[in-house]
Each structure stands twice: as C-alpha cells, then as structure tokens.
Amino acid sequence: MTFLFDLFAQAAQMALVLALAPVLIGFTRKVKARLLRRRGPPLLQPWYDLIRLLRKDVVLAHDASWLYRAAPYLIFSTTWVAASLVPTFATGLMFGWIADLIALTALLGAARFFLALAGMDVGTSFGGIGSSRETMFGSLAEPATIMIAFIVSLIAGSTQLSEVAAYMASDFALRVSVLFALIGLIIVAIAENGRIPVDNPATHLELTMVHEAMILEYSGRHLAIIEMASALKLLLYVSLIGCIFFPFGIAPPDGSLVDMGYGVAFYVVKIFVAGFLLALFEVSTAKMRIFRVSDFLGAALMLGLLGTLLVFVTRSL
C-alpha cells in the first residue's frame, strides 16, 4: 500500500507540473497586460495554442536530419524529468533521491545542448545565431548555477533537494550567503528562460531573439512540444526557488493526503506570486543589449563566489 501511495504521489507531481506550466505563462501574460492597461489573453491561452499546434501538420526542412526530428522529444523529456524531480508539494517522493542540484544542472545542460544542435541542423543563419548565443549564455549560467549549488549544499549539508528543503524549513535564518544565492538564482532563471531584460519572448526581431531563432523552422506538434518544454523550464526555476528558499507548506516525507493537499495549495500560491513578480519586473525594465548579458550573468557568478567564500569564512570563525 505504501508503494502505491508513493507511486501516486510521484505521478501526481509529474501531472501537476505538466498542467501548471502553461498556466504560469498565461498568468504572466495576463498580469503584464493588466499592468499595461490592456485586457490581455485568457489565462488558459497557452493551452489553447498548444492544442491548436498539436492538430497541425508538421513541415520539415529539406536538409533536416533525424536529430532535428528527435530534438523536441529529447528536450521535452529531459525538461519534464527535471521539473518533476524538484519537490513541489511534498518531499521524500519515490524519485526524490535523484533530485540533486548537480543532476538538475546536467539535465538542463543536456536540453540546451539538443536545442542548440537542432538550431544549427537546418543550416539557416538565424538558427546558427540563436544557437551561438544560447551556448554563450549557457557557458556563463552553468558555472553560476554550480556555485549557487555549492552555497546551498555547504549550508544544508547536502545537494539533495528534499534534504535542503527540510533543513531550510527547520532552520530558517537570514544569511547574507543565502541572499546572494537567491539573487544569483533569480538572475540565472531570467537568463535561462529568455525573459526580459535578456530576451523578449513576445518579439520575433531577428537581431535580438535567442530562443525563437533556434525554433523558427519548427511547426505543428514539434513546435508544441518545444513550447511546452519552455514553459516547464520556467516552472522548474520557480519550483526550485520555492523549494530552496521558501520551503513553507511542503509536506514532510511521511505526510498524509491532507498535508499534501495543503502543499499543493501553497505551491499554487507560490507560482502565482512568482508570476506576478516576474510580470511586474518585465514591465518595469527594458531589454538590454545582447553584449551586456555576459555582465548580467557574470554578476550571478560573482554572487555565487562571494556566497561560497562567506560560508567558509563564517564556519572558520
């Protein structure tokens, strides 16, 4: 009976992140429209778009190889697995022992690798530009993520997210190193998801777009799968920030159905709060030049280095 309950909880988390990822995108668009005094699209508009794309035929370029056709499924599967491993409403799930910060970084790096290869596979100029920019951003974002993982692991004593969430919930204290890690992870999340000020997801201007340049040749179900993976990636970072720095309401490993119900409610609240703050930030700022993104991500890396040094200095005193 315990095995079936654990299996149900893990399956519920996988279904929950899959259902809420497009809702987060729709909520962010709705809030941005309201802040700009417009009506905006419906909350479930991303789901409507995905269903419409799934019904359309796939148009493939003549030079597309097997990698171009397989890349959407590889990107979606790695991103969905990574998003499902992050504790959302409960810790200690069936696959919680795999939910490691280093493993998540590797999964996201694999998804970025396949996306960059798909962008270059057809041989278009836009795809090559987008892939080169994505690779440049990834070479700066991954070291920053590793340094943030070092800060968290040194404080909590583990890189497993269930143990990190349990430690942060039981021994919550204001630490400068934790603040540095939070700011650095937010910077990485903005850059990795192509949000303002790094990229504008609502534009198709060739000189500035990064993510859109790599998927210009995709259509039909392939485009729907990639867009779903992009939504899952944004939800993953929101879940990661909530799990590490705001682990309130997450059910313990031996929690009941009632505890998990409260955990789901807290998780939904965190998602909507994060979506509102993201929309408010994007409305309040402008997109930076492409050559300034390295400085933006460099700040996250420096915050990770400073936070790690602070942890060592604090322990030595």
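Let's start with threonine 28 and its neighbours: leaving aside residues up to four places away in sequence, threonine 28 touches Arg195, Gly275, Leu278 and Ala279, where contact means heavy atoms within 4.5 Å. Before I go on, this is a predicted model, so local features need pLDDT of at least 70, side-chain atom pairs count only at pLDDT 80 or more, and totals for chains, interfaces and linings use all residues. Residues are numbered from 1 along each chain as its sequence is written, and side-chain values use heavy atoms, with hydrogens and water left out.

Where does threonine 28 lie? You'll find threonine 28 in helix 1, residues 2–35; helices here are DSSP runs of H or I with at least four residues, strands are runs of E with at least two, and both are numbered from the N terminus. Is threonine 28 buried or exposed? Threonine 28 counts as buried because its relative accessibility is 1%, and buried means under 20% relative accessible area, with a 1.4 Å probe and protein chains only. Its side chain also reaches the backbone oxygen of leucine 24, at 2.8 Å.

Now let's step back to the whole chain. There are 11 helices and zero strands. Of the 317 residues, 49% count as buried. Looking at contacts with a separation of 6 or more, 81% come from residues 24 or more positions apart.

And the overall dimensions? The C-alpha atoms fill a box of roughly 60 × 50 × 45 Å, taken along the principal axes. Thanks, everyone!

Definitions and conventions
Buried means under 20% relative accessible area, exposed over 50%, partly exposed in between (1.4 Å probe, protein chains only). A polar contact is a pair of N or O atoms within 3.5 Å; within protein, one must be able to donate a hydrogen and the other to accept it, and residues adjacent in sequence count only if both atoms are side-chain atoms.
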